[in-house]
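Trainee: I have a new structure open and would like to walk through it. Can you take my questions as they come?

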Amino acid sequence: MEKKVVLVTGANKGIGKEASKQLGKMGFKVFIGSRDLSRGQATAKELKADGIDADAVQLDVTSQSSVDAAMATIEKSAGKLDVLVNNAGIVTERTTALDTTEIAKVEETMQTNFFGPLRVTKSAQALLEKSKAPRVVNVSSTLGSLSTLSDPGSEFANFRILGYTCSKAALNMLTVVTAGAIKNVKVNSICPGYVATDINNNSGPRSVEQGAAIIVKMATLEEDGPTAGFFNDDGIIPW
Ligand SMILES: NC(=O)c1ccc[n+]([C@@H]2O[C@H](COP(=O)([O-])OP(=O)(O)OC[C@H]3O[C@@H](n4cnc5c(N)ncnc54)[C@H](OP(=O)(O)O)[C@@H]3O)[C@@H](O)[C@H]2O)c1
């Protein structure tokens, strides 16, 4: 059977690395997107030692030339892309106070968390359309849920970090919009839960294995699976 091909952005560590490992174990050819090529290569080497078909590609989601070069490499090497996981993400500020929020930090967050996936998905469209059943997984967050953050009784109500929340809400709209714009595709947003990684100084209670599971599930949806939705392990997250 023809090997399926996946690109994971920000795959040199954290949830992206674990999702790459789990998909690789399922038989995918994995492209490890990493803005620092040497760290991506180190991850690919580690996965290869585990029997996984993995290669690193330099990919900074904020750089159009880097994204286009990564797609050219994948086209040359694999000729198609079955799954794109838009995983790379950052948190640049932690304040929830409007008066101390720095616009430059909000812009930086939007560049990586929203314009990044937009740039990568747009550049990947032609390769995704060469797949028989393309899937796009946008790694979002419950903190991007308008309904959840506007509920004063929600456990997340105190996490109104401006840049991060807005970037993930915008990413969720990208999910809806691109689901109708790429031939045969299923595009979904997911939240991995609160996972211990560098993004939160390893404070989350969940493991990367637990966080990556919903990515893998949405990356391997069958034809009757959902599209243009927002999910975690428990099912649908309200927009
Ligand atoms: N951990 C959680 O509790 C949690 C909860 C909800 C959603 N998420 C989402 O899960 C995703 C993965 O985060 P994580 O928890 O695994 O954090 P992480 O360990 O900090 O990993 C983030 C990854 O994104 C990469 N990245 C950042 N900016 C990039 C850029 N411009 N171009 C390419 N790659 C870039 C990082 O690369 P470097 O190593 O070069 O920095 C790293 O590989 C993020 O989208 C995050 O918002 C996480």
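This is a predicted model: local features need pLDDT of at least 70, side-chain atom pairs count only at pLDDT 80 or more; totals for chains, interfaces and linings use all residues.

Trainee: Which residue of β7 stands opposite isoleucine 190?

Mentor: That is phenylalanine 231. Asparagine 188, for its part, has glycine 229 in β7 as its bridge partner.

Trainee: How many bridges are there between β6 and β7, and in which sense do they pair?

Mentor: There are three bridges, and the pairing of β6 with β7 (residues 229-232) is parallel.

Trainee: And how does β6 pair with β5?

Mentor: Strand β5 (residues 135-139) is joined to β6 by five bridges, and these two run parallel. In that pair, arginine 135 stands opposite lysine 186 of β6.

Trainee: Is β6 buried or exposed?

Mentor: All five of the five residues in β6 (residues 186-190) are buried, so the strand is largely enclosed by the rest of the structure.

Trainee: Which residues point which way from β6?

Mentor: Lys186, Asn188 and Ile190 point one way, Val187 and Ser189 point the other way, and all of them are buried. In a regular strand, side chains alternate between the two faces of the sheet.

Trainee: Zoom out a bit. What is the strand order of the sheet?

Mentor: The order is β3-β2-β1-β4-β5-β6-β7-β8, eight strands in an open sheet with mixed pairing. At the edges are β3 (54-58) and β8 (235-236), each of which pairs on one side only.

Trainee: Which way do β7 and β8 run relative to each other?

Mentor: They run antiparallel and are joined by two bridges. The two strands form a hairpin, with two residues between them.

Trainee: Moving on to helices. Which strands does α7 lie across?

Mentor: Helix α7 (residues 208-219) lies across β1 (5-8), β4 (83-86), β5, β6 and β7, and runs at about 155° to β5.

Trainee: At what angle do α1 and α7 pack?

Mentor: The angle is about 55°, and the axes of α1 (residues 14-25) and α7 are 8 Å apart. That angle makes α1 oblique to α7. The crossing is right-handed.

Trainee: Which residues meet there?

Mentor: From α1 there are Gly14, Ile15, Glu18, Ala19, Gln22 and Leu23, which meet Val208, Glu209, Gly211, Ala212, Ile215, Val216 and Ala219 of α7. Sorted by class, this contact has eight nonpolar, three polar and two charged residues.

Trainee: Now α3 and α4. At what angle do their axes cross?

Mentor: Roughly 25°, and the axes of α3 (residues 64-78) and α4 (residues 103-128) come within 10 Å. That makes α3 roughly parallel to α4. The crossing of α3 and α4 is right-handed.

Trainee: What does the contact of α3 with α4 consist of?

Mentor: On the α3 side are Gln64, Val67, Asp68, Met71, Ile74 and Glu75, and these meet Arg119, Val120, Ser123, Ala124 and Leu127 of α4. The residues divide into six nonpolar, two polar and three charged.

Trainee: Where is proline 117?

Mentor: Proline 117 is in helix α4. It counts as buried because 29 C-beta neighbours lie inside 10 Å.

Trainee: What is proline 117 in contact with?

Mentor: Setting aside neighbours within four places in sequence, proline 117 is in contact with Asn86, Asn138, Leu171 and Leu174. Proline 117 and threonine 9 are 108 residues apart in sequence, and their C-alpha atoms are 8.9 Å apart in space.

Trainee: Last topic, backbone angles. What is the phi of asparagine 202?

Mentor: It is about 55°, a positive value, although asparagine 202 is not a glycine. Most residues other than glycine have a negative phi. Asparagine 202 is found in the loop between β6 and α7, and with 10 C-beta neighbours inside 10 Å it counts as exposed.

Trainee: And what about the phi of alanine 228?

Mentor: Alanine 228 has a positive phi too, near 60°, and is a residue other than glycine. Alanine 228 is found in the loop between α7 and β7. With 16 other C-beta atoms within 10 Å, alanine 228 is partly exposed.

How values were computed
Residues are numbered from 1 along each chain as its sequence is written. Axes are lines fitted to C-alpha atoms, for helices over the stretch in contact, and angles run from 0 to 180 degrees between N-to-C directions. Helices (H or I, at least four residues) and strands (E, at least two) are DSSP runs, numbered from the N terminus. Angles under 35 degrees count as roughly parallel, over 145 as roughly antiparallel, 65 to 115 as roughly perpendicular and the rest as oblique. A crossing is left-handed if the near helix is turned anticlockwise from the far one by less than a right angle, and right-handed if clockwise. Two residues are in contact if their C-beta atoms, placed from the backbone, lie within 7 Å. Ala, Val, Leu, Ile, Met, Phe, Trp, Tyr, Cys and Pro count as nonpolar, Asp, Glu, Lys and Arg as charged, and the others, Gly among them, as polar. A residue is buried if 20 or more other C-beta atoms lie within 10 Å of its own, exposed if 12 or fewer, and partly exposed in between; C-beta atoms are placed from the backbone. Two strands pair if DSSP finds at least two bridges between them.
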